[in-house]
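Work through these exercises with the model open. Try each task before you read its solution.

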Amino acid sequence: MAKTRPGSLAPKSKPGKKDLDSFTIRGTNKVVRVGDCVLMRPPDNGKPPYVARVEKIESDSRNNVKVRVRWYYRPEESLGGRRQFHGAKELFLSDHYDVQSAQTIEGKCIVHSFKNYSKLENVGAEDYFCRFEYKAVTGAFTPDRVAVYCKCEMPYNPDDLMVQCEVCKDWYHPACVDMTIEEAKMLDHFVCFECTEDDAKRSQNGFHSSPVSDSDEKVETKRRKR
C-alpha cells in the first residue's frame, strides 16, 4: 500500500458499490467507523505505519471493502521537514485524499487536539496529536503562526520539559536559562533573569535557594510522560 500522488482524483463510484457503516479489522475485534483514525500498512516494513482519517467505507459486488481516507503527514514527510519544536507524536492533517483497500488497516489510533494531548498524563503508543493542517502540494500550514515561548522563541514541543516564571508566566527550556533538566525538576520556585532584574526584591533564582512561600508545590513544568 502506498499513498498516491497528492492532488490526484479518487476513482468515481462504480455500479454495485454500497456504503458501509463500519468495518472490522481482519484478525481483531476492532471496529472502524467513518471519522475514526487508523494505522495503515506502509509498503516498507521498516517504516512506521501511515496514519489516516476514514472518510468513507464501501464494498463492491465481490464484497471487497475499500476506504476513502484523508492522510495525516508526519513532519519528515512535509516539504519543510522535521523541526526542533515538532513532537515525536505530531501529525499534520493534509488535504491529500486517497482510496485504499480496507485490508491495509492494521489498527486504530487517536489523534488528539494539541490542547488535549498536552493534558495527557501518559502517552500511549496509539496516541498522536495534530495542531496544523497541511497542503501537500504547496507545503503551506494552517495556522501559519503559533505562540512561541522562552528566550529561543520556539513553539512548544510537548516532549520537552519547560519551567514557568512565577512573575511573567512565560515558559523556559532549562538549557536556555543555564539549568540542567535535573535541576529544573528539583525547583521549588523560578523567576527568570529578566524579571529578577526588574524586581530588586527577587534577587535569587530558585535553583540556588528558594524564597519563602506559603505554597509547598513545586514549580509547574511542561512535559508529557511517555
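Predicted model: local features only at pLDDT ≥ 70, side-chain atom pairs only at ≥ 80, totals over all residues.

**Exercise 1. State how many cavities of 30 Å³ or more the structure holds, then describe the lining of the largest cavity.**

Solution. 
- Step 1. On a 1 Å grid over the protein atoms alone, a cavity is a set of points where a 1.4 Å probe fits but cannot get out; lining residues have an atom within 4 Å of a point. Grid points are joined across faces, edges and corners, and the volume is the space filled by probe spheres set on the points.
- Step 2. Count. There is one cavity of 30 Å³ or more. The volume of the largest cavity is about 30 Å³.
- Step 3. List the lining. Gln84, Phe85, Met154, Pro155, Asn157, Asp160 and His173 line the largest cavity.

Residues are numbered from 1 along each chain as its sequence is written, and side-chain values use heavy atoms, with hydrogens and water left out.

**Exercise 2. Place His173 in the chain and find its contacts.**

Solution. 
- Step 1. Locate the residue. His173 sits in the loop between β12 (171–172) and α2. Helices (H or I, at least four residues) and strands (E, at least two) are DSSP runs, numbered from the N terminus.
- Step 2. Check burial. Buried means under 20% relative accessible area, exposed over 50%, partly exposed in between (1.4 Å probe, protein chains only). His173 has 12% relative accessibility, so it counts as buried.
- Step 3. List contacts (heavy atoms within 4.5 Å). Neighbours within four places in sequence aside, His173 is in contact with Cys150, Cys152, Asp160, Leu161 and Met162.
- Step 4. Look along the chain. Lys151 is 22 residues from His173 in sequence, and their C-alpha atoms are separated by 8.4 Å.

**Exercise 3. Which residues touch the most other members of the largest nonpolar core, and which element gives the most to it?**

Solution. 
- Step 1. Define the core. A nonpolar core is a set of buried Ala, Val, Leu, Ile, Met, Phe, Trp, Tyr and Cys residues joined through side-chain atoms within 4.5 Å.
- Step 2. The largest core has 22 residues, and Val38, Met40, Val67, Trp71 and Ile105 touch the most other members.
- Step 3. Trace the elements. β4 (37–40), β5 (50–59), β6 (65–73) and β9 (127–134) each give two or more residues to this core. β6 gives the most, with five residues.
- Step 4. Residues up to four places away not counted, Ile105 touches Phe23, Ile25, Val38, Leu39, Met40 and Val67.
- Step 5. Look elsewhere. Another core, of 16 residues, lies apart from this one; Cys150, Tyr156, Leu161 and Val191 are among its members.

**Exercise 4. Classify the aromatic pairs Phe92–Tyr134 and Tyr117–Phe129.**

Solution. 
- Step 1. Set the rule. Rings of Phe, Tyr and Trp (its six-membered ring) pair if their centres lie within 6.5 Å; planes under 30 degrees apart count as stacked, over 60 as edge-to-face and the rest as tilted. The count comes to eleven aromatic pairs.
- Step 2. Phe92 and Tyr134 are 6.0 Å centre to centre with 40° between the planes, a tilted pair. Phe92 lies in strand β7 (residues 90–101) and Tyr134 in strand β9, so the pair ties together parts 42 residues apart in sequence. Both Phe92 and Tyr134 are buried.
- Step 3. The ring centres of Tyr117 and Phe129 are 4.5 Å apart and the planes stand at 35°, so this pair is tilted. Tyr117 belongs to helix α1 (residues 114–118) and Phe129 to strand β9, twelve residues apart.
- Step 4. Extend to the cluster. Tyr73, Phe92, Phe132, Tyr134 and Phe141 form one aromatic cluster.

**Exercise 5. Examine the backbone at Pro143, Cys150 and Asp178.**

Solution. 
- Step 1. Recall the background. Most residues other than glycine have a negative phi, and most peptide bonds are trans.
- Step 2. Thr142 and Pro143 are joined by a cis peptide bond, with omega about -5°. Pro143 lies in the loop between β10 (141–142) and β11 (162–164).
- Step 3. Cys150 is not a glycine, yet has a positive phi of about 70°. Cys150 counts as buried, at 6% relative accessibility.
- Step 4. Asp178 has a positive phi near 60°. Asp178 is exposed, with a relative accessible area of 66%.

Note on methods:
1 Å grid on protein atoms, 1.4 Å probe; cavity = no way out; pocket = protein on both sides within 12 Å on 5 of 7 lines; lining within 4 Å.
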